[in-house]
Amino acid sequence: MSRLVVASIGPASSVQDGGRLGAQRYGLTPSGAMDRLALAAANCLVGNEPFAAGVEIGPFGASFTARDGAVRVALAGAPRNADIAGRAVALDTTVTLKDGETLTLGFARGGAFSYLAIEGAIRGEPVFGSLAVNARAGLGSPYPRPLQAGDEFTVNAASGAPELRIELPKPAEGPIRIVLGPQDDEFDEANKALFLASEWKISATSDRMGYRLEGPAIKHLHGHNIVSDGTVNGSIQVPGNGAPIALMMDRGTSGGYPKIATVITADVGRLAQTSAGTAFRFKQVSMAEAQDEARKFARLIRSLPDRLRSADTVALNIEALHDANVAGYAVNAVDAGTWQVSAEP
Amino acid sequence: MRCDNKALSSTPALIYWTCGRIYAKQGDAELKAEAALSKKPISTARFRQLMAATLPPPRLLPSGDSAVTVEFSRTIDDDANQRVLALDKALADAGIDGITESVPTYRSLLVHYDPGRIGFDALGEKLLALASQPLPPSAKARRWRIPVAYGGEHGVDLEDVAKALNTTPDDIVARHVAGDYRVAMIGFTPGWSYLSGLETSLHMSRRQNPRLLTPAGTISIGGIQTGIQCLAGPSGWHLLGRTPVRTYQLHRNPTFLTEPGDRVTFFAIDHKTFAEQDRAAEAGELIAEQVAS
């Protein structure tokens, strides 16, 4: 057994997995990774089940040190600089930390959440089948709270398997797709049109519970109180002040504001990765199209193992090169062993 | 009780009213056997259950591509809530492939499903078919007696509520413990049990300024409801007291005490008893008494 020690970590970072299903009827929200595809990709790289528990890392930096042996990990999700003692580590690849080595992650550059998967996954005591942290309910394992410096995970010693990369489809761009409802009839045509036509920004006060949207005020037809009913990931409710809130993974299981629309499953992770202040729009799609996209999204997750490649088949990681330059690093070499860009400050 | 002929005309049901006794006859074989053929008088409660099948069908409201809200009413309505809970049970019994979770609320059932296994239209048909079935005779509901320390530091709004209603705190407590409540739904945070059946004289609009933090175990009233809040958290309701009972406790069996449909009554305890029971509850005791209904 090895240990992976959290040497430093910013807020909004916690252990997350596929979520806690089956107890929403008791008021227990599912929680789980904000970007399920990124968690699944990171897990797939290190040979874990797609929704095994990994570390969800918020927009700030973090560093992790291997102790008592080597640890094999993979990073996916929001792009950020990553290095081991100055040796750049690319997103969407595996990397093995030797005993005592530290993986240092910078701030997210675009996006919000990155996922660190650990070979053999994080161990803990599941509640309702999940290790996901739900700080409000005191749930999550091994730590029922956001991570802090000094926390550590007991993990498998690195297998020594060859390093891998994963070829993910280019992230979709364009508007966040929604289907109207369940309470779109609480809004008149003009306000629905305003919702669909406007440019929105995610407020800085957003969190895993909900993303507050900044834009024009959306007015209700009959006031903002409805009798509470159930919510889903991506429900867009409109409270009294007219500023919509997209409910995310730590949402209340029921809510008493009219929900004008619901983000489609395939785009919830994209919304989660929209960083505060970035402008975006919504686009209405039909139920048939939304369900087709949901099925495609599920197929994409199932296909992840087919997208693994040997790390040394990549000629040059253009993205890492580009990322390194963007961050002001002088790229001076391509590591002959891994074909990864190595950079020095 | 008023009969809505419009609702009846579109159904195979024929309803007889005889000397205040109610007989129901419907195309459904089970109902025939139960009501018409047996010629036994049926209770008002059973009549309402049978009538539920003749009510307008619920609305199917898309909640994204992987959930559908089956809405029986837009208001807080005990009959609608009974239909919600009946559909929830029927759905669990039906074992429809692709359904992942269902969440009953006051007036609607939220059904989560996997669109890779069943589509919106196919699921909608099945849900409407289940919702059109007559309600089964209600199983004996579980009944809980829940101790509450009213007023003082445990119920900081009790005096204000009494003032607003021109009466004494003791009278408010007397009215609150006299109630026979039903768990209409559990939601918002783990174990938060919304109870229907609050006496009309205690109906009060919520606070203008919701509190950001109210204590665990708070017993409060808001609108036409009363509730048991398990975890500390925000609330806009009026705080009458606190119970040592945990409706949610992680390492206890059962983790969740209440289920939608359970009956609940409250009784007053003093603050010293609260402190003792609170310690016992923390150690994993249920404290709540289950009584025969």
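## Reading sheets, domains and a chain contact

Modeller: Let's start with a strand pair: β3(B) and strand β4 (residues 67–71) of chain B run antiparallel and are joined by four bridges. Strands here are DSSP runs (E, at least two residues), helices are H or I runs of at least four, and both are numbered from the N terminus. This is a predicted model, where local features need pLDDT of at least 70, side-chain atom pairs count only at pLDDT 80 or more, and totals for chains, interfaces and linings use all residues. Residues are numbered from 1 along each chain as its sequence is written, while chains are lettered from A and ligands numbered from 1 in the order in which they are written.

Colleague: Which residue stands opposite B:Pro62 in β4(B)?

Modeller: B:Val68. Two strands count as paired if DSSP finds at least two bridges between them.

Colleague: In what order do the four strands of the open sheet in chain B come?

Modeller: The order is β3-β4-β6-β5 (chain B), with antiparallel pairing. β3 (59–62) and β5 (99–104) of chain B are the edge strands, each pairing on one side only.

Colleague: And how do I read the angles?

Modeller: Axes are lines fitted to C-alpha atoms (for helices, over the stretch in contact), and angles run from 0 to 180 degrees between N-to-C directions. In this sheet, neighbouring strands are turned by 20 degrees against each other on average, direction ignored. Helix α5 (residues 120–131) of chain B packs on the sheet and touches β3, β4 and β6 (108–113) of chain B. The direction of α5 makes about 30 degrees with that of β4(B).

Colleague: How many residues of chain A are in contact with chain B?

Modeller: Contact means that C-beta atoms, placed from the backbone, lie within 7 Å. By that rule, 34 residues of chain A meet 37 of chain B. On the chain A side, β16 (229–230), β20 (259–263) and α4 (287–303) each give two or more residues, and α4(A) gives the most, with six.

Colleague: Now the domains: where does chain A divide?

Modeller: Bounds come from an automatic or database domain assignment. Chain A has domain 1 (2–168 + 314–344) and domain 2 (176–301). Their centres, taken over C-alpha atoms, are 28 Å apart, and 23 residues of domain 1 are in contact with 14 of domain 2.

Colleague: Which residues of chain A does the UniProt annotation "domain: Carboxyltransferase" cover?

Modeller: Residues 25–300, according to the unreviewed UniProt entry. Such annotations may be inferred rather than shown by experiment; positions use the numbering here and feature names are shortened. In the model, that span is 15% helix and 29% strand, and its end C-alpha atoms lie 30 Å apart.

Definitions and conventions. Two residues are in contact if their C-beta atoms, placed from the backbone, lie within 7 Å.
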